[in-house]
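User: I would like to go through a model feature by feature. Please give the general idea each time, and then the case at hand.

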Amino acid sequence: MFKKIIESLKTKKYLSLLFVALGAIAFYMFLQHFTAIKTFFGNMFSLLSPFLWGAVIAYLLNPIAKFFEKNLFGKLPRRRLAHTFSVILTFILAIAAVVLLMVAIVPQLASSVMVLVGNLEGYFNSIQKTLNNLVDTVPFLDKEILDIDKLIGSWEQIFKTVTNWVVNNIDGIIGVSYKVGSSVFNGAIALIFSVYVLLDKKDLKRLARRLSAALLPEKPLTRFGEITRKSNRIFLSYIGGNLLDSLIVGVANYIFMLIMGMPYALLITAIVAVTNLIPNFGPFIGAVPSALILLLVDPWDAVWFIIFTVILQFLDGNVIKPLLFSDSTGLRPVWVLVAIIVGGGVMGIIGMLIGVPIFAIIFTLLNEWLETRLPERGFDLDGHKRTNSDTEADVLQATVPPIGTIPPAVPSKIKLQIPFNKKKKKK
């Protein structure tokens, strides 16, 4: 009896049901222990984060190191020496650029923030006075209902509320300070690890290639190599293009604010440039706090800034980005939004930045699979059932060369035999 049951389970129908049942059980167990699983992976990510960040740094600096190795140290007799020199020069330039950026920007940013905080009381009183004058000027506004002083309170009340919040959340503030300190320590470890990764890049690639060849069959191994190359191309094109685009947008924003004489130009430009890395929605995310900062000083500055931001983003999407790089993702706007939301929910800001290229890779692989699978099942690429006339048209199109093409030449080694009548000689 058990033998018959086992033989019946070997059929394709029952195997599919068995896999579905096992998948449902596994999904149920995952939901039951979701909190524990999330905590486990969170702890593992915190433990491995310095090494992951080091690998990311090495990946981003690898194209620069390859450029130096090929063009600057390419004539050295020993390739290992050329590779070492290129890696050292790459990190020297990267660290120098970061230090120079911090020396040039951080003091001005700190000064802008301190001036902004110091002037908050004056800005608040100015806005309160403007709103009161607006209520007094507009005749149909009820002054008893729209009592601005009662609605937003006084500056002393707001300052007392903020002070009480800081006192009540002092433990959380200390925890944030501890996280900042540990992040600096992890950043130092990540930087050191990235140096070793770039120095031993060839050995690591050789190890990965050997493991792939040992574990994967021949056909999946070839497919794995193709996926890796496509993913690398999409990531590098996306990251490099976005960094350059954010730099251009930031410089244009800074020049505009200097020409218009707007305050906090460097602070607002930093916000705009960083948020511009988030595709499609990042510029508007950065424009909201920037406009609020300008609104505290001068409402007209906020209006001109919003108008300029809209014009700049229109030019960026239709002129700058097409000139810099083609659409390396190929995603529709709805999937870009899904990628940003899902990536941000899983990995925060980092997830919002890398969610789009990850979705692009998934959609590329899905489209390639559909282009192969649909014709095998008798459907066209739009998902419609193919008819016999469609199949015959495809065969005819494949055999008949298109109009305007030159037919292939006859190989010279093949002799054309033209039959003709020969007269037999009489003996």
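User: What should I know about the model and its numbering before I start?

Analyst: This is a predicted model, in which local features need pLDDT of at least 70 and side-chain atom pairs count only at pLDDT 80 or more, while totals for chains, interfaces and linings use all residues. Residues are numbered from 1 along each chain as its sequence is written, and side-chain values use heavy atoms, with hydrogens and water left out.

User: How many helices and strands does the protein have?

Analyst: Helices (H or I, at least four residues) and strands (E, at least two) are DSSP runs, numbered from the N terminus. Here there are 15 helices and zero strands.

User: What percentage of the residues count as buried, and what area does the protein expose?

Analyst: Buried means under 20% relative accessible area, exposed means over 50%, and partly exposed lies in between, with a 1.4 Å probe and protein chains only. Of the 427 residues, 22% count as buried.

User: What percentage of the contacts join residues at least 24 apart?

Analyst: A contact means heavy atoms within 4.5 Å. Taking contacts between residues at least 6 apart in sequence, 62% join residues at least 24 apart.

User: How do helix 3 and helix 4 pack?

Analyst: Axes are lines fitted to C-alpha atoms, for helices over the stretch in contact, and angles run from 0 to 180 degrees between N-to-C directions. Helix 3 (residues 34–71) and helix 4 (residues 79–118) have axes 8 Å apart, at an angle of about 130°. Angles under 35 degrees count as roughly parallel, over 145 as roughly antiparallel, 65 to 115 as roughly perpendicular and the rest as oblique. Helix 3 and helix 4 are therefore oblique to each other.

User: Which residues of helix 3 and helix 4 meet?

Analyst: L61, I64, A65, F68 and E69 in helix 3 meet residues of helix 4 including R79, A82, H83, S86 and L89. By class, this contact of helix 3 with helix 4 has nine nonpolar, three polar and two charged residues. Ala, Val, Leu, Ile, Met, Phe, Trp, Tyr, Cys and Pro count as nonpolar, Asp, Glu, Lys and Arg as charged, and the others, Gly among them, as polar.

User: At what angle do helix 10 and helix 11 cross?

Analyst: Their axes cross at roughly 155° and come within 9 Å. Helix 10 and helix 11 are therefore roughly antiparallel to each other. In helix 10, S246, V249, G250, N253, Y254, M257 and L258 meet A265, L266, I268, T269, V272 and A273 in helix 11. The residues of this contact of helix 10 with helix 11 divide into nine nonpolar, four polar and no charged.

User: Where does Y264 lie?

Analyst: Y264 is in the loop between helix 10 (218–260) and helix 11 (265–275). Y264 has a positive phi of about 55° although it is not a glycine. With 10% relative accessibility, Y264 counts as buried.

User: What is K230 in contact with?

Analyst: K230 has its place in helix 10 and counts as partly exposed at 24% relative accessibility. Leaving aside neighbours within four places in sequence, K230 is in contact with R223 and E368. The C-alpha atoms of K230 and I361 are separated by 7.7 Å, although these residues are 131 residues apart along the chain.

User: Where is S237?

Analyst: S237 also lies in helix 10 and is partly exposed, with a relative accessible area of 27%. The C-alpha atoms of S237 and P357, 120 residues apart along the chain, are separated by 9.5 Å.
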